[in-house]
Amino acid sequence: MKFRKGFTLIELLVVISIIALLVSILMPALSKARETARMTVCASNQRQLLLGVTEYSADNDGKFPRHVAHRADGSFSWPSYLNYYVDDTSRHGNLSTPRGSMFNAMGKYIEDVGVFLCPLGPPTNTNFEKIYKDPEPNDHTNASYNSWWGGFPMTMADGRKFIGPTSDTNKKGQAKLLISDMLSFWPGSGNLQWWISHRSKSATKQEVDPVFGNNTSMFWVETNAISANDPPDIKINAGFVDCHVSRYGKDEIIAGNGGFYIPQEWK
Ligand SMILES: [Zn+2]
């Protein structure tokens, strides 16, 4: 019997095209599986943040931590800030003064700073932990998540008033929502954008804060936003005072002022 050595060109091409076909069939399934796994880690991060806030509250007569974006005049700024000089009155605070950090109140309860970062978010600044725990003047960062405790106020698109969970009993109708992924509509400087922690298909880049540079940036940016009424088709996670975390799609969320989206069922 006579054996050939090796493959003919045709055989080789057939084998290569079969492999290419298999890869093209498997790749979407793999990337879908990876996204699902990351969505689960995101929910787990939020649950750990909820547990941290709950423990803080148990140790402090039922009070929630003060929100770092809470200004001295009673108003609030950006809800994903992790460090901020709490008594400054301008949007970003006085950059040259030592600032407060959420770590001051929460460090004992949330030791792993990684839980502030969604695995579906953009690459993390390497100084993230240092900036969170021990910020220098001019250091500044965001979490991937918006935190709503401390009475964070918003007026919603349907006219309802949102008040984040607080220990202030005068504030009736407080929400049960404590935390959620960032999904916001940003009018910016003439350029309508979405800032999101979960990357959409048309997100093009990582947000770079015009004031602070990349240090602050934990969001993807979708630059082709048309109106605040048409959010990207992504799912977000959100966590509540009873420590449950749920997933919400585009039709289950609502915008507040500042363009921040939260679940419609924030009560
Ligand atoms: Zn997330």
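User: What do the buried residues of H1 pack against?
Analyst: This is a predicted model. In it, the buried residues of H1 pack against helix H2 (102-106) and against E3, E6, E11 and E12.

User: Which residues of H1 are the buried ones?
Analyst: Cys42, Asn45, Gln46, Leu49, Leu50, Gly52 and Val53.

User: How many residues does H1 have, and what does it span?
Analyst: H1 has 51 residues, and from its first C-alpha to its last it reaches 73 Å. That is close to the 75 Å expected at 1.5 Å a residue.

User: Where does H1 bend?
Analyst: At leucine 26, by about 30 degrees. Proline 28 follows within four residues of that point.

User: And what follows H1?
Analyst: Aspartate 61, which has a positive phi near 50 degrees.

User: Now the sheets. What is the strand order in the one with E3?
Analyst: The order is E3-E6-E11-E12, in an open sheet with antiparallel pairing. Strand E3 (145-147) and strand E12 (245-248) are the edge strands, each pairing on one side only. On average, neighbouring strands in this sheet are turned by 25 degrees against each other, direction ignored.

User: How does H1 sit on that sheet, by angle and by strands touched?
Analyst: Helix H1 (residues 9-59) packs on it and touches E3, E6, E11 and E12. The direction of H1 makes about 20 degrees with that of E11.

User: How many bridges are there between E6 and E11?
Analyst: Three, between strand E6 (residues 177-181) and strand E11 (residues 236-240), in the antiparallel sense. Isoleucine 179 stands opposite glycine 239 in E11.

User: What about the sheet with E7, what order does that have?
Analyst: E7-E8-E10-E9, again an open sheet of four strands with antiparallel pairing. Strand E7 (183-186) and strand E9 (205-206) stand at the edges with a single partner strand each, so one side of each has no neighbour in the sheet.

User: Are the faces of E8 covered or open?
Analyst: Both are covered. Gln193 and Trp195 are buried on one side, and Trp194 and Ile196 are buried on the other. In a regular strand, side chains alternate between the two faces of the sheet.

User: Changing topic: which residues in the largest nonpolar core touch the most other members?
Analyst: Leu177, Leu178 and Ile196, out of 56 residues in that core.

User: What does leucine 177 touch, leaving out residues up to four places away in sequence?
Analyst: Trp148, Ala238, Phe240, Ile262, Pro263 and Trp266.

User: Last bit, the overall picture. How many helices and strands, and what share of residues is buried?
Analyst: The protein has three helices and 14 strands. Of its 267 residues, 39% are buried. Among contacts with a separation of 6 or more, 61% are between residues 24 or more positions apart.

How values were computed:
Residues numbered from 1 in each chain as written. Predicted model: local features only at pLDDT ≥ 70, side-chain atom pairs only at ≥ 80, totals over all residues. Helix = DSSP H or I, 4+ residues; strand = E, 2+ residues; numbered from the N terminus. Buried ≥ 20, exposed ≤ 12 C-beta atoms within 10 Å, placed from the backbone. Contact = placed C-beta atoms within 7 Å. Core = buried A, V, L, I, M, F, W, Y, C linked by C-beta atoms within 7 Å. Pairing = 2+ DSSP bridges. Axes fitted to C-alpha atoms, helices over the stretch in contact; angles between N-to-C directions. Expected span 1.5 Å × (residues − 1). Bend = angle between axes of the 7 residues up to and from the residue.
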